[in-house]
Amino acid sequence: MLRMFDTHQIRKTRELSGRLWDVTLLSGDREGEKRKVMVPGCLEALPGLGNYRGWSAYETTFSAGGNVRLECKGVSHFARVYVDGEEVTRHYNSYTPFSVCLRNLEDGEHTLRILVDNEFREEYALDMPNDYMSYGGISRGVALESVPDCYIRWMHVTPLRAEGEDWIADVKVLCENLSDQTQRAAVRLRIAGEETEKQEREMKPGETLFSFPELRIHGVQTWDMEHPALYLAQAVLEQNGEETDDWIDRIGFRTVAVEGRRVLLNGKPLRIKGFCRHEDHPQYGCALPAEAITYDLALIRDLGANSVRTSHYPNDEIFLDLCDEMGILVWEENHARGIPEERMRNPHFEPQCEQVIREMITEHYNHPSIYIWGILNECASDTEYGRSCYQAQYDLIRSLDTSRPCTSASCKFNKDLCQDLPDVCSWNMYPYWYEERSASQMLRDTMDWVETAGNGAGKPFLVSEIGAGAIYGFRDPSMDVWSEERQAEILGKQLREVAACEECMGMYIWQFCDVRVAREGWAMHRPRTRNNKGVVDEYRRPKLSYAAVREVFQSLPDYWDER
Ligand code: ADA
């Protein structure tokens with residue numbers, strides 16, 4: 001399953017995932033070993049391959065002819081894609097989709113071979129041994145589509161404002177002409193069941209953008225957390241009076257704005273009660289099926305939370321689709337955790353970060369649940385060079401999307417040079433855990449500094465991480481470190497103290513569930529080679545802190561003006 005709804009009615013599509021592929025391991029002492037592997041899936045979730053690093057070759061076959069568009073939703077970390085033995089594209093970054101159009105493929109059976117590498121290498125600047133597991137494999141779905149020479153690449157719908165019973169929206173549709181001749185084509189829109197406008201154009205070879213500003217959409221409901229009303233938007237491409245291609249996405253009508261110290265959803269000041277969540281599961285690695293993601297979201301809802309931060313990379317669209325449906329707000333961020341200046345100076349770092357941002361925003365633009373974009377968690381925001389990267393990435397986000405605010409999570413107290421750049425100032429803090437100070441004190445100190453020397457005066461302030469660790473099943477009434485009792489007590493104190501601070505718009509708990517960490521590098525020193533700050537363990541079994549969090553979160557309303 002690639003999405004929670006059909007994305008085409010006219011274009012013929014087929015999923016190449018949801019089936020077994022042949023995999024040959026190509027590295028180390030397992031070289032030559034063959035397996036049948038479910039795609040999507042992670043190599044490390046297979047018996048005996050829990051720590052496999054290196055190259056592997058995934059193979060399957062498909063029957064098709066004519067123009068074929070092949071889309072991979074995520075291959076970790078690096079993919080080289082071959083059709084009938086010829087390399088057709090390559091892509092780095094595990095957490096964003098990529099596609100390739102093959103022109104005039106001969107009718108018949110073809111082989112698809114994807115070489116996958118999950119090694120840590122200099123040229124993969126965003127991956128390093130880290131406080132989460134960098135899994136390997138074709139970890140998200142693969143689609144095969146038949147497209148005409150002129151086809152639709154994407155459609156972006158920007159809800160602008162409600163007017164009585166209606167909504168006003170901007171729509172942009174990007175089309176591509178794969179041929180070397182100019183062709184005439186029209187794009188027609190059907191939004192929320194209603195035919196709207198049609199535009200006809202000459203399409204030169206390459207890309208053509210069709211823009212539909214200020215469209216009036218009649219009688220649609222506003223999307224919000226309580227009533228996440230969703231509608232289908234379809235762009236249809238017509239040539240010579242025939243419908244030749246289409247693109248369907250699911251949209252919600254809502255606005256996000258920043259006003260003073262608050263982020264407003266449809267004009268109402270949001271109070272964030274959230275969890276940071278890694279895509280991680282002992283059985284599936286990072287390739288959680290829809291059922292497992294749904295269970296996570298059900299727990300998150302039960303805990304009284306209203307938001308998830310996709311730390312530290314863009315997530316699978318199934319997760320985003322489910323958040324759209326369940327009215328759960330999403331902070332989605334690019335792929336970077338704790339990267340020091342030295343590595344930010346790697347010549348691949350900036351282009352790779354920017355590519356992730358481009359792919360993330362282009363592909364996920366229409367999700368109403370995404371209310372904020374994040375970048376560069378705990379990177380070198382305390383150096384001039386680091387600042388230049390933050391600046392460039394914020395500029396890029398703002399050039400791609402003006403309808404959402406942006407932020408980044410910092411831990412560089414007293415040294416951060418970047419607080420003037422984001423729309424929301426976000427801080428990771430671990431009072432009572434890594435720090436002796438109380439949560440109220442840490443919050444006060446950080447906010448005072450951001451307001452004055454930090455150059456972030458007057459902006460919304462968000463706690464982007466707060467938490468403590470516990471090992472599931474370790475009970476100790478004397479509250480020793482790693483006991484469930486100690487985590488429950490610390491989290492209860494942290495949350496109550498943050499909730500009492502009205503200038504702070506909300507908080508994200510680090511983290512939803514325990515996760516595997518790299519066995520290479522510093523993180524391997526964590527007990528069990530896991531980051532144990534989950535409120536549930538890796539099997540989603542609630543720790544004592546579950547009840548403590550639930551009590552606080554459920555007592556807090558979703559908006560600041562509701563008492
Ligand atoms: C940081 C980081 C997280 C995690 C956390 C921790 O704040 O952003 O990824 O490593 O610390 O558990 O210490």
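Where is the place of K73 in this structure?

Figure 1. K73 sits in the loop between strand 4 and strand 5 (75-76). Helices (H or I, at least four residues) and strands (E, at least two) are DSSP runs, numbered from the N terminus. This is a predicted model, in which local features need pLDDT of at least 70 and side-chain atom pairs count only at pLDDT 80 or more, while totals for chains, interfaces and linings use all residues. Residues are numbered from 1 along each chain as its sequence is written, and side-chain values use heavy atoms, with hydrogens and water left out. K73 counts as buried, at 12% relative accessibility. Buried means under 20% relative accessible area, exposed over 50%, and partly exposed in between (1.4 Å probe, protein chains only). Neighbours within four places in sequence aside, K73 is in contact with L2, T96, P97, R140, G141 and E317. Contact means heavy atoms within 4.5 Å. The K73 side chain also makes a polar contact with the side chain of E71, at 3.5 Å. A polar contact is a pair of N or O atoms within 3.5 Å; within protein, one must be able to donate a hydrogen and the other to accept it, and residues adjacent in sequence count only if both atoms are side-chain atoms.

**Figure 2. A network of salt bridges that includes K73.** The linked residues are R3, R11, R69, E71, K73, E145, D245, D249, E317 and D321. A salt bridge is a side-chain nitrogen of Lys or Arg within 4 Å of a carboxyl oxygen of Asp or Glu. Side chains of opposite charge can pair when their charged atoms come close. The whole structure holds 56 salt bridges.

**Figure 3. The salt bridge between R53 and E520.** The two side chains meet at 3.0 Å, N to O. R53 lies in the loop between strand 3 (34-39) and strand 4 (55-72), and E520 in the loop between strand 29 (515-516) and strand 30 (530-531), so the pair ties together parts that are 467 residues apart in sequence. R53 is buried, with a relative accessible area of 14%. E520 is partly exposed, at 26%.

Figure 4. In the pair of E33 and R30, the closest N and O atoms are 3.0 Å apart. E33 is partly exposed, with a relative accessible area of 24%. R30 is partly exposed too, at 26%. The side chains of E87 and R80 meet at 2.8 Å, N to O. E87 is partly exposed, at 28%, and R80 counts as partly exposed at 23%.

Figure 5. The ligand is surrounded by 13 residues, and the closest are D131, H312, Y434, E465 and K533. A residue is near a molecule if one of its heavy atoms lies within 4 Å of it. An N or O atom in the side chain of K533 is 2.6 Å from an oxygen atom of the ligand. For R337, the separation from a ligand oxygen is 2.8 Å, again from a side-chain N or O atom. A polar side-chain atom of R526 lies 3.2 Å from an oxygen atom of the ligand.

**Figure 6. F461 and V450 in contact.** The largest nonpolar core has 77 residues, and F275 and F461 have the most contacts inside it. A nonpolar core is a set of buried Ala, Val, Leu, Ile, Met, Phe, Trp, Tyr and Cys residues joined through side-chain atoms within 4.5 Å. Not counting residues up to four places away in sequence, F461 touches C425, W427, M429, L443, T446, M447, V450, E503, C504, M505 and G506. V450 lies in helix 6 (residues 439-451). V450 is buried, with a relative accessible area of 2%. The C-alpha atoms of V450 and D416 are separated by 8.9 Å, and the two residues are 34 apart along the chain.

**Figure 7. Helix 5 and its cover.** Helix 5 (residues 384-400) has 17 residues and should span 24 Å at 1.5 Å a residue; its end C-alpha atoms are 25 Å apart, which agrees. The expected span is 1.5 Å times one less than the number of residues. The buried residues of helix 5 are G386, R387, C389, Y390, Q393, Y394, L396 and I397. Their cover includes helix 3 (341-344), helix 4 (349-364), strand 24 (370-374) and strand 25 (406-410).
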